[in-house]
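Please keep the sequence and the 3D view open as you read.

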Amino acid sequence: MTQGAADHRTTAGDREPILDPATLPRHVAIIMDGNGRWALQQGKPRIIGHQAGVQTVQEVVRCARELGLEAITLYAFSTENWRRPGPEVEGLMVLLQTYLKNHLDQMIQNQVRLRACGRIDLLPAKTRQILKDIISQTADNGGLILNLALSYGGRDELIRAVRKLADKIATGVLSPAEIDENSLAAELDSVGLPDPDLLIRTGGEARLSNFLPWQLSYSELYFTKTLWPDFGRSHFLAALADFQHRQRRFGKTGEQTMTRAKG
Ligand code: IPE
Ligand code: IPE
Ligand code: MG
């Protein structure tokens, strides 16, 4: 695990890094952390940090779309986040609803396809309904896939997948010998998505917090101290530039692996 190179706010005058379009990640996953501390620094309630974080979501999604990335997965709410104080959880759900409602037109216009992973069934009925509506309204869009991890826990996702496999075995549809990486991955919420090539975590912690344990097995990890509301286009581009300097070896030797970044 390496610390991200860009632990500073770049100013408007900084030049953007030159990215090689051929070795951009197909899929970027992001743990959007640090909203609460950002608000605390300003002497404001935590929800103000979450509101500011929505602006960053906007900026990063727009950048991902402009670069032509295939997918972006945003960790918006974990299974563990239900343990937070009730008003914060409620505030986050309202914020999610507002975000979705306010951005539907933009998503349609920009060919963004919304997806979700996690225990959507546990979300408040109203939030769930808006989410489902937008997922179906954007289902045929061919641009960026915006995958929101909501009430998401990687262990929970794996358990649900294993149960589905067990059901198939119990009903004779599958034999134990047929369980392999493909059949397990096919039962995960991420079915059909490429594994993330790059994971970004903002906010200074170097942990996964139950995020995509299966899918991130071979991802490049990028940790930055920048708090999510302070993260923006320039930080995202810096993370992508850092990614492009990695050599992904997938178990082989450096000599065997001549290409950088892409698998
Ligand atoms: C991440 O920011 C957003 C969610 C978990 C919903 P935090 O709220 O965890 O911010 P910190 O870590 O307390 O600063
Ligand atoms: C991870 O952040 C979850 C999201 C960003 C939604 P947390 O702030 O909840 O993670 P921990 O508890 O510090 O590991
Ligand atoms: Mg946090």
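Around ligand 1 you will find Met32, Asp33, Gly34, Asn35, Gly36, Arg37, Arg46, His50, Ala76, Asn81, Arg84 and Leu92, where a residue is near a molecule if one of its heavy atoms lies within 4 Å of it. This is a predicted model, in which local features need pLDDT of at least 70, side-chain atom pairs count only at pLDDT 80 or more, and totals for chains, interfaces and linings use all residues. Residues are numbered from 1 along each chain as its sequence is written, chains are lettered from A and ligands numbered from 1 in the order in which they are written, and side-chain values use heavy atoms, with hydrogens and water left out.

| Residue | Residue atom | Ligand atom | Distance |
|---|---|---|---|
| Glycine 34 | polar backbone atom | oxygen of ligand 1 | 3.4 Å |
| Glycine 36 | backbone N or O | oxygen of ligand 1 | 2.9 Å |
| Arginine 84 | side-chain N or O | oxygen of ligand 1 | 2.7 Å |

On its own, ligand 1 has 380 Å² of accessible area, and the protein covers 87% of it (Shrake-Rupley method, 1.4 Å probe). Two elements, α1 (35-41) and α2, each give two or more residues to the shell around ligand 1. The most comes from α1, with 3 residues. Helices are DSSP runs of H or I with at least four residues, strands are runs of E with at least two, and both are numbered from the N terminus.

Now look at one member of that shell, histidine 50, which belongs to helix α2 (residues 46-67). Is histidine 50 buried or exposed? Histidine 50 counts as buried because its relative accessibility is 7%; buried means under 20% relative accessible area, exposed over 50%, and partly exposed in between (1.4 Å probe, protein chains only). Beyond its neighbours within four places in sequence, histidine 50 has contacts with Asn35, Arg84, Glu88, Leu92 and Leu95, a contact being heavy atoms within 4.5 Å.

Finally, turn to the backbone. Most residues other than glycine have a negative phi. Serine 151, in strand β5 (residues 145-152), has a positive phi near 50°, and this serine is buried, with a relative accessible area of 0%. Phenylalanine 250 also has a positive phi, near 45°. Phenylalanine 250 is found in the segment after α7 (233-243) and is partly exposed, at 36% relative accessible area.

Conventions:
A polar contact is a pair of N or O atoms within 3.5 Å; within protein, one must be able to donate a hydrogen and the other to accept it, and residues adjacent in sequence count only if both atoms are side-chain atoms.
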